Amino acid sequence: MQIKQDTSASRIVVYRLLSDLFAQPATAAKISQLAAVSVQEDLNDDPCIGPLLARFQVFDKDPTLSESDLAGAYAFLFLGAGGPQSVPSSQSSFVDPRGRVCQAPTAAMAQHLKDLNMHVAGTYREPADHIAVILAVAAQLIASGRPTAQQIEFLEDHLAAWLPEFGTACARSDQHGFYTLLARTAEDFVAEDLKWLRTRPVRVKEEEENV
């Protein structure tokens, strides 16, 4: 597992990891798994994903306690336990002028899910434009070999457009600190991925000319 943006497989891994961590708080087993990955694959120096994975080495010192702490932080931020300090985790809430949920981004994401033959599990009660769903769709766009232009448009419209504001909102309310790090990691990775994708046609053309 190498977290580098030079292969589709590694990009898929990162988007799915980010999606999983936003979908639900990490269990003790997941904490230990990610701590092992960061050590075995020497990923701590990776500028985007390294700091996030390094945090799991700290959590793994007492994974059961860390599981409880992360569950509490997740509930406070994203499940309404924080009251007015809770942070909405759907795109609609950030792009709609009145902060309403289930607006145009929800319908757009529902169409993306349909086009990719994906669906939100019946037990998952979040809207289609929840950040975990969007990140999962980003991974599937790569996995299904969708054109670069389509990937760029999706990332610009459904992640880059609101992740900075989402990260700022997390930073204001996140007493634990992990979910602010997760939000900023997602923001940074998407920015770097877009930068890589925008130069990809140039690199492909140069490679073809040098054959």
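Predicted model: local features only at pLDDT ≥ 70, side-chain atom pairs only at ≥ 80, totals over all residues.
The protein has 10 helices and 0 strands, so if you read from the N terminus on, you get α-α-α-α-α-α-α-α-α-α. Of its 211 residues, 44% count as buried.

**Overall numbers**
- The protein exposes about 10600 Å², with carbon and sulfur atoms supplying 52% of that area.
- Take the contacts between residues at least 6 apart in sequence: 66% of them join residues at least 24 apart.

**Helix 7 against helix 8**
- Helix 7 covers residues 131–143 and helix 8 covers residues 148–160; their axes come within 10 Å and cross at roughly 175 degrees.
- Because of that crossing angle, helix 7 counts as roughly antiparallel to helix 8, the cut-off being over 145 degrees.
- On the helix 7 side, I134, L135, V137, A138, L141 and I142 make the contact.
- Helix 8 answers with Q150, Q151, F154, L155, H158 and L159.
- Sort the residues of this contact by type and you get 9 nonpolar, 3 polar and no charged.

**The largest nonpolar core**
- This core holds 58 residues, and Y15, F22, F56 and F166 are the ones touching the most other members.
- Helix 10 (residues 178–209) gives the largest share of the core, with 11 residues.
- Leaving out residues up to four places away in sequence, F166 touches F22, F78, V87, P88, S89, F94, I131 and A183.

- F56 sits in helix 3, which spans residues 50–59.
- F56 counts as buried because its relative accessibility is 0%, and the cut-off for buried is under 20%.
- Beyond residues up to four places away in sequence, F56 touches L21, A26, I31, L34, A35 and F178.
- V37 is 19 residues from F56 along the chain, and the C-alpha atoms of the two are separated by 9.5 Å.

**S92, a buried serine in helix 5**
- S92 is part of helix 5, residues 91–95.
- Buried or exposed? S92 counts as buried, because its relative accessibility is 0%.
- What does S92 touch, not counting residues up to four places away in sequence? The list is R100, V101, C102, Q103, P105, T106 and D129.

Definitions and conventions: Residues numbered from 1 in each chain as written. Heavy atoms only, no water. Helix = DSSP H or I, 4+ residues; strand = E, 2+ residues; numbered from the N terminus. Buried < 20%, exposed > 50% of the residue type's maximum accessible area, 1.4 Å probe, protein only. Contact = heavy atoms within 4.5 Å. Areas by Shrake-Rupley, 256 points an atom, 1.4 Å probe, with all protein chains shown as cover. Axes fitted to C-alpha atoms, helices over the stretch in contact; angles between N-to-C directions. Parallel < 35°, antiparallel > 145°, perpendicular 65-115°, else oblique. Nonpolar A, V, L, I, M, F, W, Y, C, P; charged D, E, K, R; others polar. Core = buried A, V, L, I, M, F, W, Y, C linked by side-chain atoms within 4.5 Å.
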